[in-house]
Amino acid sequence: MSDKAQKYEGKNITVYFERGRCIHSRKCVLGLPHVFKANVPGPWIDPDAANADELAALISQCPSGALRYERNDNGAEETKPEINTATMEVDGPLNIHADFTLNGEPASSCRASLCRCGASNNKPYCDGSHKDLGFSDPGLANSGNMDSALEAGMLDVQALPDGPLLANGPLEIRDSAGQAIGRGKKAALCRCGASNNKPYCDGSHVAAGFKTE
Ligand code: SF4
Ligand code: FES
């Protein structure tokens, strides 16, 4: 577990929250408001305030992976998706749902929102900076390479210094409407915000002077 995560231990389920990765989709506070208490001082998650299965199901919908859980009651842990996907969010990040490693390390969960505007202070993760930047992208693209026989398997994502996200391994890329626009085993995905061929890198990061450190 990442030491950046806050731990909320309950009887049947323990919840971990990584604040720097929350993209404020609000699925948690709207879905189970008696567990996830918005705008309270101090601890804001009460894992014992809901049925553990119900809480686990909701956490599995947190797109950013800011929330994850461990069961203390032998209940089912989160299952990895059958196929790996990367979905563009309108004016926002790239949401990964996959069995994957990030920069060579096993991901803390199968969900992660990765910055694609270039402005995050928590790269490669999204930290919500796209809103301050006014990043504008509808997350739509023409269909490209489609490997119809995409199988399951591990995905490795490398955030290249001053450059794109390099995805190695089976991956389906989806537009903001959830439609597949690309399927294959290798992709370079823009994370500087400047590409004219989003979600793919077109080399514009060089002219844009994109720096990751
Ligand atoms: S990203 Fe996750 S933790 Fe943040 S508001 Fe949405 S569901 Fe809650
Ligand atoms: S990372 Fe954006 S164009 Fe290459």
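Which residue is the bridge partner of glutamine 158 in β10? I looked this up at the outset and found leucine 166 in that place.

**Basis.** I am reading a predicted model, in which local features need pLDDT of at least 70 and side-chain atom pairs count only at pLDDT 80 or more, while totals for chains, interfaces and linings use all residues. Residues are numbered from 1 along each chain as its sequence is written, and chains are lettered from A and ligands numbered from 1 in the order in which they are written.

**Strand β10.** I took helices (H or I, at least four residues) and strands (E, at least two) as DSSP runs, numbered from the N terminus, and I counted two strands as paired if DSSP finds at least two bridges between them. Strand β9 (residues 155-159) pairs with β10 in the antiparallel sense over 4 bridges, and the two form a hairpin with 5 residues between them, where aspartate 162 in the turn has a positive phi of about 55°. On to strand β11 (residues 180-189), I noted 8 bridges from β10, again antiparallel, with leucine 189 in β11 as the bridge partner of leucine 165. The hairpin of β10 and β11 has 5 residues between the strands, and glycine 178 there takes a positive phi near 85°. Strand β4 (residues 85-88) pairs with β10 in the parallel sense over 3 bridges, and threonine 85 stands opposite glutamate 172 in β10.

I then checked burial, where a residue is buried if 20 or more other C-beta atoms lie within 10 Å of its own, exposed if 12 or fewer, and partly exposed in between, with C-beta atoms placed from the backbone. Strand β10 (residues 165-174) is mostly covered, with 7 of its 10 residues buried.

Strand β2 (residues 13-17) is joined to β3 by 5 bridges, and threonine 14 stands opposite glutamate 70 in β3.

**Domains.** The domain assignment, whose bounds come from an automatic or database source, gives domain 1 (6-71) and domain 2 (85-208). Their contact, for which two residues must have C-beta atoms, placed from the backbone, within 7 Å, takes 9 residues from domain 1 and 13 residues from domain 2.

**Backbone exceptions.** I looked for cis peptide bonds and recorded the one from lysine 123 to proline 124, with omega near 5°, and the one from lysine 198 to proline 199, with omega near 10°. Proline 124 is in the loop between β8 (111-114) and α3 (129-133), whereas proline 199 lies in the loop between β11 and α4 (204-208).

Histidine 24, in the loop between β2 and α1 (27-31), has a positive phi of about 60° although it is not a glycine, and it is exposed, with 11 other C-beta atoms within 10 Å.
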